[in-house]
Every structure is written in structure tokens, then in C-alpha cells.
Amino acid sequence: MLLTRSPAAIVVGVDGTDEGERAVRWAAADAARRGRRLHLFHACSGPTLVHPPPGLWLPVAGAPRPTPHAARLLQDAEGIAHAIHADLPVTAESVGGQPVPALLEASEYAAAIVVGRRGTGTFGALVAGSTAAEIAEFAACPVVVVRADTSAGGRYAGRVVVGIDTTEPSEEAIGFAFEQALARGTGVTAVHAYHPPADPMAGCMVPGSFDLGARCDTAQRLLSEILSTWRERHPEVGVRSVVELGGATGVLMRASMGAALLVVGAHGYGPFGGLVLGSVSRAMLHRAPCPVAVVRATARRGTLLT
């Protein structure tokens with residue numbers, strides 16, 4: 001692949017749709033901010049009709065391969081990227097095969113994979129159902145999903161929001177959030193959701209004599225401890241820690257209104273753990289009002305913050 005020939009690039013799936021175009025714009029801006037190359041990537045998943053061998057009247061289906069249409073899509077995407085940043089280094093690649101395996105292979109050499117949330121082209125169904133979970137779970141780098149209807153306002157507008165499970169925090173997700181905040185010149189808002197324990201007999205949450213205030217204080221203390229190292233490493237990044245009572249999905253939805261990016265980890269079993277396999281990640285990928293980055297525990301970020 002072209003990606004192996006130079007340092008890790010921001011790879012964006014190109015499909016010619018409106019949301020695919022938004023993904024290209026987002027990826028181009030991200031690459032320019034982080035001083036990285038942008039790699040435009042298109043996969044041709046359908047069979048290609050080839051001329052019949054002697055003795056046959058009809059064309060036959062051959063293995064998928066790049067087409068003139070794919071070349072036009074990549075050329076248009078390059079124009080969009082250079083409109084964002086004229087001097088941005090851009091490379092392009094069209095491959096034959098299914099998009100998901102192709103992107104997973106590309107992730108081995110990428111700093112991040114960027115795709116649109118919804119579309120009608122080759123990459124149109126990438127974030128629908130189990131496909132997004134497959135990419136986020138197995139990609140060797142962070143996966144960013146860009147949606148069309150981003151919100152303009154909110155308590156943490158313009159900031160990078162990161163969901164943190166205090167029982168099993170994702171250092172990779174936190175590091176990616178700080179990396180993005182540094183590149184953007186903005187702050188990080190770290191969010192944790194807590195709730196009363198469930199009564200296994202009643203099958204519901206039972207505050208009862210449970211001290212919610214004490215649980216909130218404990219969660220706030222743990223969150224501060226988790227963030228203390230990152231505050232020391234990067235004092236130039238303004239950090240806010242937020243602990244709220246409620247379900248993880250609702251808390252993250254409210255916190256991400258108007259955010260520049262929502263970052264979530266993808267391991268563990270707490271409120272923000274197990275995101276790839278659980279309902280929270282699917283809800284965020286489909287409903288979050290801002291771009292969403294899913295960062296696996298073992299994912300590379302090209303250049304790790306230390």
C-alpha cells in the first residue's frame with residue numbers, strides 16, 4: 001500500500017457522497033493541524049465486467065478493481081482537501097475489494113481512519129450496525145466518524161470531550177483527546193457518569209440509603225487522579241472534569257453538544273468501557289451531535305504524547 005512509504009497519514013474514506021465530502025474536509029483540517037499527510041482512500045467492492053475470452057459472447061465478472069469513476073472521486077476529493085489547506089501533502093489510492101478489510105489493512109500504517117457517518121456510496125454503510133463496531137474494534141489506529149448535523153452550541157462548545165471510566169480508564173483515549181486539543185488550541189473536558197447500584201432482586205436502580213454524594217465525591221477524586229498526570233505533562237491545555245449522575249449515553253450526549261470532538265475508549269466493562277460491543281458506542285456513533293473518535297486500548301496514534 002502507498003501508506004507504507006511515508007510516515008503515518010490521516011486516512012479518509014472517499015465515496016462521493018455529501019457526508020463523505022464532510023469527512024474529507026474534517027480529515028484535511030486535522031492533517032493540516034497535526035502536520036501530517038492526508039491519504040485519500042477508495043475501495044471498489046463490486047465486480048468489474050471484463051471483455052469475454054474468445055468463444056464467449058457476454059462480458060464476465062472479474063475481481064473488483066479501480067475504475068475511472070474512482071479516479072474522478074479521488075481527484076475531486078483532492079481538490080476539496082487543497083481548498084482547506086493549499087500546501088497540504090495529499091496522496092490517493094484506489095483498491096479493489098470490500099471497504100472494511102481494506103480500511104483495516106490501511107489502519108496498520110495510519111495515524112487515524114476517518115469516515116462519514118452515512119452515505120450512499122461505497123463507504124455508505126460503514127458506520128451502520130456491526131460494521132462500525134468491526135472497524136473500531138479491530139483497527140490499529142483511532143477511528144473518527146464524522147456526521148453532518150453537528151450542533152453549534154453547548155456547555156463545552158469547541159472543546160474536546162473525552163468519556164472516562166474511572167474503574168478502567170483508557171490512557172490511549174485520553175492521550176488522543178489531549179493530542180487533538182493541543183492541535184486545535186482548545187481544552188479538554190473529561191466526563192464520567194455514575195449512578196446508584198442496581199438491586200438484583202428489584203431489577204432497578206435503588207438509591208435508598210445509598211450515599212450519592214459520597215459516590216460523586218469518590219468519582220471526582222478518581223477522575224482528578226487520572227487526569228493529574230496529563231495536566232502536569234500539558235499545562236497549556238485547559239482541563240475540566242465533569243462527574244454527572246445518569247446513564248453514560250445521556251451524559252455524553254449532553255456533554256458533546258457543540259464539541260469539536262467526542263473521544264471514547266473501547267475496552268473494559270464500565271459505563272464507558274466495552275464501547276465497541278455495547279449500546280453506548282452505537283448510540284454515540286449514530287446520535288452524537290459532533291464527530292466521534294473511538295480509540296482502542298492498543299491503537300497507535302502515530303506519535304504518542306508523553
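Mentor: Start with a term: the bend at a residue is the angle between axes fitted to the seven residues ending there and the seven starting there. Helices (H or I, at least four residues) and strands (E, at least two) are DSSP runs, numbered from the N terminus.
Trainee: Okay. Where is the kink in helix 6 centred?
Mentor: On Leu 227, with a kink of about 35°. Bear in mind that this is a predicted model, where local features need pLDDT of at least 70, side-chain atom pairs count only at pLDDT 80 or more, and totals for chains, interfaces and linings use all residues. Residues are numbered from 1 along each chain as its sequence is written, and side-chain values use heavy atoms, with hydrogens and water left out.
Trainee: How far apart are the end C-alpha atoms of helix 6?
Mentor: They are 32 Å apart. The expected span is 1.5 Å times one less than the number of residues.
Trainee: Which residues of helix 6 are buried?
Mentor: Ala 219, Leu 223, Ile 226, Leu 227 and Trp 230. Buried means under 20% relative accessible area, exposed over 50%, partly exposed in between (1.4 Å probe, protein chains only).
Trainee: And what covers them?
Mentor: The cover includes helix 5 (171–184), strand 9 (188–194) and strand 12 (239–245). Contact means heavy atoms within 4.5 Å.
Trainee: What about strand 1: buried or exposed?
Mentor: Five of its five residues are buried. Ala 9, Val 11 and Gly 13 lie on one side, Ile 10 and Val 12 on the other.
Trainee: What does Ile 10 pair with in strand 6?
Mentor: Ala 112. Val 11 has Ile 113 as its bridge partner in strand 6. Four bridges join strand 1 to strand 6 (residues 110–116), running parallel. Strand 2 is also parallel to strand 1, with four bridges, and Leu 38 there stands opposite Ile 10.
Trainee: Last one. What is the mean pLDDT?
Mentor: It is 80, and 72% of the residues reach 70 or more. pLDDT is the predictor's confidence in each residue, from 0 to 100. Over residues 124–130 it is below 50.

Notes:
Pairing = 2+ DSSP bridges.
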